[in-house]
Amino acid sequence: MSRLLVAVLFILTMNVQSFAQQMIPKQKGFELSYSVFPNSPEKQNYVLAAGLVSYAKNGNYLFGLAEYSRKYYEYRAYDIPIDTFLFNVGYSFYLWGDSMRNVNLNLGISGLVGYEQVNRGQSILYDGSLLTSTESFVYGTGGKLSLESYVTEHVVFIVNGQLRFLQNSELGALHALFGCD
């Protein structure tokens, strides 16, 4: 359902024309982001992020985000929550866009550092099982491919796919995300 909504919103924004000057160097912006993990179980697994964007030359930009994610790991009849708090800092390269820069394709690379908590820090599960690790610091790198469309002079709608490599994560090293900003 959420993917259908994202697709409909994206198609609608493709028809809106904006004649503002976009991607001006040293222009700054605020970014809100919602992403989901592919193949989520019944409980929603998600990532919420907020941060700043600063444009450089030729449509490239720097970004810095503070992120919170919740993913559930299925164990017997119990879902174990895994909460991750990350700082994501990187650079996005402009790949392609139309002549008015209303629609753009960007490729970003980033560094990630943060903290991960399993089962809210409790090491004993409901059935008496013991978790060997409940908290850890995580770090790594990420890549993001995004399709950006200017809805108005001040609003950008972004659809992106991300692939992350996180060391020390209880979820595994590679994480894929699909999101919109």
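The following exercises, with worked solutions, concern a predicted model.

**Exercise 1. Determine which residues make the nonpolar surface patch of about 580 Å², and which element gives the most to it.**

Solution. 
1. The patch is formed by Phe93, Leu95, Trp96, Leu107, Ile109 and Leu145.
2. Two elements give two or more residues each: strand S4 (78-97) and strand S5 (103-118).
3. With three residues, S4 gives the most.
4. Leucine 95 belongs to strand S4. Its relative accessibility is 46%, so leucine 95 counts as partly exposed.

**Exercise 2. Decide whether arginine 70 is buried or exposed, and identify the side chains joined to it by polar contacts.**

Solution. 
1. Arginine 70 is located in strand S3 (residues 61-75).
2. Buried means under 20% relative accessible area. Arginine 70 has a relative accessibility of 14% and therefore counts as buried.
3. The side chain of arginine 70 has a polar contact of 3.3 Å with that of tyrosine 72. Another polar contact, of 2.5 Å, joins the side chains of arginine 70 and aspartate 83.
4. When neighbours within four places in sequence are left aside, arginine 70 is in contact with Phe37, Gln44, Asn45, Tyr46, Pro81, Ile82, Asp83 and Arg120.

**Exercise 3. For asparagine 119 and asparagine 168, give the phi value, the place in the structure and the accessibility class.**

Solution. 
1. Most residues other than glycine have a negative phi.
2. Asparagine 119 has a positive phi, near 55°, and asparagine 168 has a positive phi of about 70°.
3. Asparagine 119 occupies the loop between S5 and strand S6 (135-150). Asparagine 168 is in the loop between strand S7 (156-167) and strand S8 (174-180).
4. At 2% relative accessibility, asparagine 119 counts as buried, whereas asparagine 168, at 46%, counts as partly exposed.

Technical notes. Residues numbered from 1 in each chain as written. Predicted model: local features only at pLDDT ≥ 70, side-chain atom pairs only at ≥ 80, totals over all residues. Heavy atoms only, no water. Patch = residues over 30% accessible without salt bridge, like charges linked within 9 Å, V, L, I, M, F, W, Y side chains within 5 Å. Areas by Shrake-Rupley, 256 points an atom, 1.4 Å probe, with all protein chains shown as cover. Salt bridge = Lys/Arg side-chain N within 4 Å of Asp/Glu carboxyl O. Helix = DSSP H or I, 4+ residues; strand = E, 2+ residues; numbered from the N terminus. Buried < 20%, exposed > 50% of the residue type's maximum accessible area, 1.4 Å probe, protein only. Polar contact = N/O pair within 3.5 Å; in protein donor to acceptor, adjacent residues only side chain to side chain. Contact = heavy atoms within 4.5 Å.
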